[in-house]
Amino acid sequence: MDKEEQKLLELLKQKPNKGLEQIMKKYMGICYSIIKNRLADFSQQEIEECVSDVFVDIFDGREHISLEKGSLKTYICVIARRKAAQKYKKLIQKQSLPLTEEFPITKNEYEQIENRSVLLQCIKELGEPDSHIFIMKYYLGYSTKMIAEKFDLKQNTVDKKVQRGLEKLKKALQGGVFYE
């Protein structure tokens with residue numbers, strides 16, 4: 001568990017406004033990057049609104065954030081991806097449909113969401129630093145070189161960890177929703 005993240009989380013819970021300010025200083029860039037990537041076809045205002053929504057969710061859910069489930073950075077990245085996907089869907093529907101018409105989530109979309117949740121849980125079970133490496137590589141799109149520099153590892157070590165992690169994930173997921 002990262003001591004700096006633990007301090008940030010404690011500050012967020014004890015002094016919410018100050019804690020949120022510090023979290024925003026530290027993670028605004030990566031949050032913005034994730035959302036801008038997903039909402040590149042939309043206005044700057046929509047992107048900024050989505051970024052704000054992420055930090056509102058963090059503020060509102062501060063009592064439920066647990067670093068035992070993963071890092072604060074990963075938590076923020078997951079929320080940013082979800083918010084961006086929701087905003088994207090909303091903006092696409094707004095462009096092509098009357099405002100009064102709504103679509104419920106389809107069975108296929110629900111299954112995709114459930115599958116992602118199961119996969120993310122299995123990735124977390126890989127342990128550190130492997131789970132962070134997977135998230136950086138497959139969720140955030142970092143190159144092997146960037147990951148190696150971040151963790152002070154050789155590139156072939158990162159590749160080996162990814163290869164072994166994929167084997168572990170395959171074993172963990174066999175017989176589950178991914179192998180029907």
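Me: Is Asp152 buried or exposed?
Reply: This is a predicted model, where local features need pLDDT of at least 70 and side-chain atom pairs pLDDT 80 or more, while totals for chains, interfaces and linings use all residues. Numbering runs from 1 along each chain as its sequence is written, and side-chain values use heavy atoms, with hydrogens and water left out. Buried means under 20% relative accessible area, exposed over 50%, partly exposed in between (1.4 Å probe, protein chains only). Asp152 has 71% relative accessibility, so it counts as exposed.

Me: Where does Asp152 sit?
Reply: Its phi is positive, near 55 degrees, and it isn't a glycine. Helices here are DSSP runs (H or I, at least four residues), numbered from the N terminus. Asp152 lies in the loop between α7 (144–151) and α8 (155–173).

Me: How do α1 and α2 pack, in angle and distance apart?
Reply: The contact (heavy atoms within 4.5 Å) takes in Leu8, Leu11 and Leu12 of α1, among others, and residues of α2 including Leu20, Ile23 and Tyr27. Axes are lines fitted to C-alpha atoms over the stretch in contact, with angles from 0 to 180 degrees between N-to-C directions. For α1 (residues 3–14) and α2 (residues 16–38), that gives about 145 degrees and 5 Å.

Conventions: Helix = DSSP H or I, 4+ residues; strand = E, 2+ residues; numbered from the N terminus.
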